[in-house]
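This briefing covers a two-chain model, taking each chain in turn and then the contact between them.

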Amino acid sequence: MNISVTQPRPAIGNQVVSIIQLIQRINESQDDEDIIDISRIRFVYPLFSLALSCIKYQGEYLGKRIVYNRSNNIDCSSYFDAIHFPDGLTAGDSEGFNLNYYHNRSYLPIIRFPALKDRVSSGIRDIILSEILSKIRERLNLNMEYVNAIFYLISELTDNIVEHSGQSIGFINAQFYPTSGHMDITIIDNGMTILGTYVQKRVMEIDNDIRAITEAVNGRSTKDRADERGYGLITSRNMITQGLGGRFMLYSGNGLLLDNNLISLPSRWNGTILALKIPYNIQNFSYIAYV
Amino acid sequence: MTIIIKPDVDKISSRASIRSYFVQSFSNVDKIIIDLSSVVFISRSAIHELSIIIDEFRSKNIEAEAEIRSKEVIKLSHVVSLNKRMTNHNKLNLRRYRSTEDIYKYLETV
């Protein structure tokens, strides 16, 4: 089936609608292979571009092969190449990783990081996240409170993928908007949903995605050890929405949390999408108050 | 025997990163120094994991301590050691819709 993708508007809600509609059309298709036609896309915001790139992994859950058609897209072709769409930029265990190409750009590419817990994967992940942080810091000339906050957010939220998704890879990208003074960061995995993690840990009273998201953002840990805290999501969300006046979106399974609103969606994301809208250079912000 | 564990990075982003430095055998070890003097950023999860690891060593009568120089890492370590309860400041609203179209209409406004 040929599935033509149209350009979503920039608001997070519009991008979510585009993602839902895309998943629905793939679900409706009876074909073994679907072609995602992105030739009419002129610009992609990071939430939609990262979700679009991960659709091929979502197709695997349906036993489908997903391919992309961007022929004749002269306007956006070089941009898609620059953001390494759809596979993402990554680092091997023997080669370095740098984002020097993006020094003066208003975006970071799709970056694929290892999500396994072994020493090599952890080391590569640390290098990748370190380089992302350095580039954001340089590009936006952030003060140390912000640098600490950004490191806190990307480390906690990617660590959730490492600890809970059951996947070997995760994805992150970013876009900067100097005129409006904010940045968008999107983090995605295509593995176990938040509900799936509770179910795996036999927390049986949590039986739907909305309940699972509610428990997770209220700090209920799925971890086995009583002394471990499930505060990554709650602190990150508080920091963004309360401390920085930004926006926090979480889409996991059929559940969506957008700002303070929970909605059960008609389309399922196998895994979790996090979209963060972070204003920068807010005065008198102290990240440690939210940790 | 005293051993020194020194991560070779200046940023540690995950629990798994910290755990990966402790996969070796610690038989015949009676003191472990975790040298974080070159670490300038560490995630809350990682510093929390480190505190658990140190407690585990101490419960086995192995002396363990972390050397930290970064002020930010010291500050974060202190906050984690307080083990304070976090509360969700934002009350969640469950929105119910009759149809997919109604969901779209709402999402297109936010």
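Chain B has four helices and six strands, in the sequence order β-β-α-β-β-α-β-α-β-α. The model is predicted. Chain A holds eight helices and eight strands, and 63 of its residues are in contact with 47 residues of chain B.

**Chain B: dimensions**

- Chain B has a radius of gyration of 21 Å, whereas a compact globule of 110 residues would have a value near 13 Å.
- Along the principal axes, the C-alpha atoms of chain B fill a box of roughly 70 × 25 × 25 Å.

**Chain A: dimensions**

- With eight helices and eight strands, chain A has a radius of gyration of 18 Å, close to the 19 Å that the globule rule gives for 291 residues, so chain A is as compact as a globular protein of that length.
- The box filled by the C-alpha atoms of chain A, taken along the principal axes, is roughly 50 × 50 × 40 Å.

**Chain A: backbone details**

- The peptide bond that runs from A:Phe85 to A:Pro86 is cis, and its omega is near 0 degrees.
- A:Pro86 belongs to the loop between helix H3 (74–82) and strand S4 (107–114) of chain A.
- A:Asn141 has a phi near 50 degrees, which is a positive value in a residue other than glycine.
- The loop that contains A:Asn141 lies between H4 and H5 of chain A.

**Salt bridges**

- Over all chains, the structure holds 17 salt bridges.
- One of these joins the side chains of A:Arg70 and A:Asp81, with an N to O distance of 2.7 Å.
- This pair links distant parts of the chain, 11 residues apart: A:Arg70 is in the loop between strand S3 (65–69) and H3 of chain A, and A:Asp81 is in helix H3 itself.
- Between chain A and chain B the count is two salt bridges.
- B:Arg44 and A:Glu156 form a salt bridge in which the closest N and O atoms are 3.1 Å apart.

**Interface: extent and make-up**

- Polar contacts across the interface of chain A and chain B number 19 residue pairs, with both residues at pLDDT 80 or more.
- On the side of chain A that touches chain B, at least two residues each come from helix H1 (12–28), helix H4 (119–140), helix H5 (144–165), helix H7 (209–217), helix H8 (232–243), strand S7 (247–258) and strand S8 (261–279).
- H5(A) provides the largest share of that side, 11 residues.
- By class, the residues of the side of chain A that touches chain B comprise 28 nonpolar, 19 polar and 16 charged.
- The size of an interface is often given as the accessible area lost when the parts come together.
- For chain A and chain B the area buried between them is about 4,800 Å², and 53% of it is on carbon and sulfur atoms.

**Interface: strand pairing**

- S8(A) pairs with strand S6 (residues 93–95) of chain B in the parallel sense, over three bridges.
- Opposite A:Ile263 stands B:Arg95, which is in S6(B).

Key:
Residues numbered from 1 in each chain as written. Chains lettered and ligands numbered in written order. Heavy atoms only, no water. Contact = heavy atoms within 4.5 Å. Buried area = accessible area lost by both parts, 1.4 Å probe. Salt bridge = Lys/Arg side-chain N within 4 Å of Asp/Glu carboxyl O. Polar contact = N/O pair within 3.5 Å; in protein donor to acceptor, adjacent residues only side chain to side chain. Nonpolar A, V, L, I, M, F, W, Y, C, P; charged D, E, K, R; others polar. Pairing = 2+ DSSP bridges. Rg over C-alpha atoms; globule rule 2.2 N^0.38 Å.
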